[in-house]
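Grab a pencil and work through these exercises with the structure open beside you. Try each task yourself before reading its solution.

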Amino acid sequence: MGAAHGRTGATPGCLPETGAALELRHAVRGWLTRHHRGAAVAVALSGGADSLALTAAAAVEAEAVDALIVDHGLQSGSAEVAAEAAARARALGCRTARILPVSVTGSGGLEAAARTARYQALERAREGSPVLIAHTLDDQAETVLLGLARGSGPRSIAGMAEYTPPWGRPLLRVRRATTRQLCADLDLRPHEDPHNSSPEFTRVRLRSEALPLLEEILGGGVAPALARTAQQLREDGAALDIVAGQLLADARDGTELTIEPLVTAPPAIRRRVLRAWLLEGGAKGLTDKHLRAVEALITDWRGQGGVAVGGGGPGTRLVAGREHGTLTLAFTR
């Protein structure tokens, strides 16, 4: 989280006709055309190169832009950094610039806690607008590698979607080097968050160690290849979800699922049906292990007991079971 320093080399709402500026404008314009024509958007601005470049392009292409600056309070002087980012947003042509102080607490480590706090603050402040986030092609490649390491299936390897309301990511086909070039074109010096170079964070090590090594071993082009793989998996997943949606409708019996139509379904379709049904029923934090255990109630039925699938509250569990040829889902103590 941080701010930019230096002057803006363009008047508000204008950009120079450089290659980087044209690429960023094209990316934002394409996203707006596909997802949000003719309305205001919010932009999550950290003051780093990626979010500065996104803010500059959005201020030119969108009807109106409201900058949202999250102050995590994790570094000395973070309030001043946030104030400078807000000033820079207004200079770039944003309609408003709001600073959102947050308290970073919770489980899962500092990185996860900061992310949770950030997204919660953005959700509260967006006032019905989509929030544009400056994830680039390079971020997408890192996300795919993290998904591969977790082994959590194609949804994870498919990376980040261009639009998962309210979160928009117009820059998933733009390289990090391009956002830095636009900042240089505008005579802006982005803030460099020390957390972005700290080896204690897994994503930083992927960025600074793993991806460069893969580029060296494989002769380049690794990040674009990973991003293309993610795009192909998302397209395949969308098609499979349509088929699974029809099967879910056929198998649904009130809040239960009739097992018969699921028995002969391809595993990829069947697990999508089960995932959708479990999430509808209140399951939380579903894993591949959960899905396969519930699937075994259909494909490897031996009279086994129910499967706890997360969800519930203090003293209760959400359990999937099998009764009289149907799958049931109920909270139990």
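**Exercise 1.** Find how many bridges join strand 12 to strand 13, and work out which way the two strands run.

*Solution.* Keep in mind that you're looking at a predicted model.
- Step 1: Count the links, and you get 7 bridges between strand 12 and strand 13.
- Step 2: Check the direction: the two strands run antiparallel.

**Exercise 2.** Compare the reach of helix 12 with the expected value, then say what covers its buried residues.

*Solution.* 
- Step 1: Helix 12 spans residues 288–299, which is 12 residues.
- Step 2: From first C-alpha to last, helix 12 reaches 16 Å, close to the 16 Å expected at 1.5 Å a residue.
- Step 3: Among the buried residues of helix 12 are His-290, Leu-291, Val-294 and Glu-295.
- Step 4: The cover over those buried residues includes helix 10 (260–263) and helix 11 (267–280), along with strand 11 (307–308), strand 12 (317–323) and strand 13 (326–332).

**Exercise 3.** Search the whole structure for aromatic pairs and describe what you find.

*Solution.* 
- Step 1: The search turns up 2 aromatic pairs.
- Step 2: One is Trp-31 with Tyr-163, at 5.1 Å centre to centre and 80 degrees between the planes, which is edge-to-face.
- Step 3: This pair links distant parts of the chain, since Trp-31 belongs to helix 1 (residues 19–35) and Tyr-163 to strand 6 (residues 163–164), 132 residues apart.
- Step 4: Now for accessibility: Trp-31 has 0% relative accessibility, so Trp-31 counts as buried, while Tyr-163, at 25%, is partly exposed.
- Step 5: Tyr-119 and Trp-167 have ring centres 4.9 Å apart and planes at 85 degrees, so they're edge-to-face too.
- Step 6: Tyr-119 lies in helix 4 (residues 110–125) and Trp-167 in strand 7 (residues 167–168), so this pair ties together parts 48 residues apart in sequence.

**Exercise 4.** Is Tyr-119 buried or exposed, and which residue has its charged end over the Tyr-119 ring?

*Solution.* 
- Step 1: Tyr-119 is buried, and Trp-167 is buried as well.
- Step 2: The residue is Arg-115, whose charged end sits over the ring of Tyr-119, 4.5 Å from the ring centre.

Methods:
Residues are numbered from 1 along each chain as its sequence is written. This is a predicted model: local features need pLDDT of at least 70, side-chain atom pairs count only at pLDDT 80 or more; totals for chains, interfaces and linings use all residues. Side-chain values use heavy atoms; hydrogens and water are left out. Helices (H or I, at least four residues) and strands (E, at least two) are DSSP runs, numbered from the N terminus. The expected span of a helix is 1.5 Å times one less than its number of residues. Buried means under 20% relative accessible area, exposed over 50%, partly exposed in between (1.4 Å probe, protein chains only). Contact means heavy atoms within 4.5 Å. Rings of Phe, Tyr and Trp (its six-membered ring) pair if their centres lie within 6.5 Å; planes under 30 degrees apart count as stacked, over 60 as edge-to-face and the rest as tilted. A charge sits over a ring if NZ of Lys or CZ of Arg is within 6 Å of the ring centre and within 35 degrees of the ring normal. Two strands pair if DSSP finds at least two bridges between them.
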